[in-house]
Structures are given as C-alpha cells and as structure tokens.
Amino acid sequence: APPQGAAQTGRSAFALLGWRQGARMEPLIIQIGPGHGDPSFRSLDGEMLLHVLFGRVRLLSEKGEQVELGPGDSAYIPGFPGHRIVNSSSVEPARILLVTTPPTTRRDDLLDRGRGFVLQSEV
C-alpha cells in the first residue's frame, strides 16, 4: 500500500524515517510512480544503499551501466559516477528504502516532529 497521504498519480513520495542534527545518514522510503524516476543523473559526496521493498526499479549510471532490481534486491552505490533510479513499470508503483551518507539535504523544515516522519509528494 502507498504511504499514507501519497498522491497515487504523482511521480514520487518521500517518507523521512528520522532526522537529527549531526546525523551521518539520511534514511528515506521513496515511492516512485509508474513510469517515473530521477529526471537527471545525481551524484553525492558519500555513499548510498538502495533496497527494493516492492515493484521493480532500474538503476542507471552515467557510464551507461544498467541494473534491474526487484523486491528484496539491494544495491550499494558510491557517489560517483552519477546515477538515476527509475520505476521499470509503466503500471505499478515501486517503493524503495534509500539510505544516504552523509545526508543529502537538511529536511528538518519538512519534518513532522510529532510523528517522526514526513511525506512529500511531487506532482
């Protein structure tokens, strides 16, 4: 089931698992809408762990490498070269757990401190 409050027709939804000042990692649950994903390659200063919770995603690198991942599959991604994550299906959503280190952004402005997570939808 999609995260509560996620727009089913949207491109993606991000649920922040936790945030604290000085954190060395940023855990996110990301739901990617059918046929959507990163529009451009992203690189980071650190590392990333991706784990597919449901659906299928394609991991693409700037070097032209492609890896197809399904439920239960994981990938370790160094910051360089850049990468893109896209939903392989044009029908079903995909949900992934993504952990980056160091955190990619300060999402405290989005954090619902009472519930410990936030849901942000792109439309």
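Which residue forms a salt bridge with Glu 68, with the closest N and O atoms 3.7 Å apart? The residue is Arg 56. A salt bridge here is a side-chain nitrogen of Lys or Arg within 4 Å of a carboxyl oxygen of Asp or Glu. The model is predicted: local features need pLDDT of at least 70, side-chain atom pairs count only at pLDDT 80 or more, and totals for chains, interfaces and linings use all residues. Residues are numbered from 1 along each chain as its sequence is written, and side-chain values use heavy atoms, with hydrogens and water left out.

Across the whole structure, the search finds 3 salt bridges. Side chains of opposite charge can pair when their charged atoms come close. Arg 56 lies in the loop between strand S3 (47–54) and S4, and Glu 68 lies in strand S5, so their pair ties together parts that are 12 residues apart in sequence. Strands are DSSP runs (E, at least two residues), numbered from the N terminus. Arg 56 counts as partly exposed because its relative accessibility is 39%. Glu 68, at 33%, also counts as partly exposed. The cut-offs are these: buried means under 20% relative accessible area, exposed means over 50%, and partly exposed lies in between (1.4 Å probe, protein chains only).

Glu 68 has another partner. Arg 58 forms a salt bridge with Glu 68, and the closest N and O atoms are 3.2 Å apart. This pair links distant parts of the chain, with Arg 58 in strand S4 and Glu 68 in strand S5, 10 residues apart. Arg 58 is partly exposed, with a relative accessible area of 28%. Shared partners join Arg 56, Arg 58 and Glu 68 into one network of salt bridges.

A further salt bridge brings together the side chains of Asp 38 and Arg 42, at 2.9 Å from N to O. Asp 38 counts as buried, at 15% relative accessibility. Arg 42 counts as partly exposed, at 44%.

Strands S4 and S5 also pair with each other. Two strands pair if DSSP finds at least two bridges between them. Within this pairing, Val 57 stands opposite Leu 69 in S5. An open sheet of 3 strands has the order S5-S4-S7, with antiparallel pairing. Its edge strands are S5 and S7 (83–87), each of which pairs on one side only. Neighbouring strands of this sheet are turned by 20° against each other on average, direction ignored. The axes are lines fitted to C-alpha atoms, and angles run from 0 to 180 degrees between N-to-C directions.

Elsewhere, strand S2 (residues 26–32) is mostly covered, as 6 of its 7 residues are buried. S2 runs antiparallel to strand S8 (residues 94–101), and 7 bridges join the two. The bridge partner of Ile 30 in S8 is Ile 96.

The second largest pocket holds about 170 Å³ of space. Of the 13 residues that line this pocket, the closest to its centre are Leu 59, Ser 61, Glu 65, Ile 77 and His 83. A pocket is an open set of points on a 1 Å grid over the protein atoms alone, where a 1.4 Å probe fits, with protein on both sides within 12 Å along at least five of seven lines; lining residues have an atom within 4 Å of a point. The lining divides into 8 nonpolar, 4 polar and 1 charged residues.

Conventions
Helices (H or I, at least four residues) and strands (E, at least two) are DSSP runs, numbered from the N terminus. Grid points are joined across faces, edges and corners, and a volume is the space filled by probe spheres set on the points. Ala, Val, Leu, Ile, Met, Phe, Trp, Tyr, Cys and Pro count as nonpolar, Asp, Glu, Lys and Arg as charged, and the others, Gly among them, as polar.
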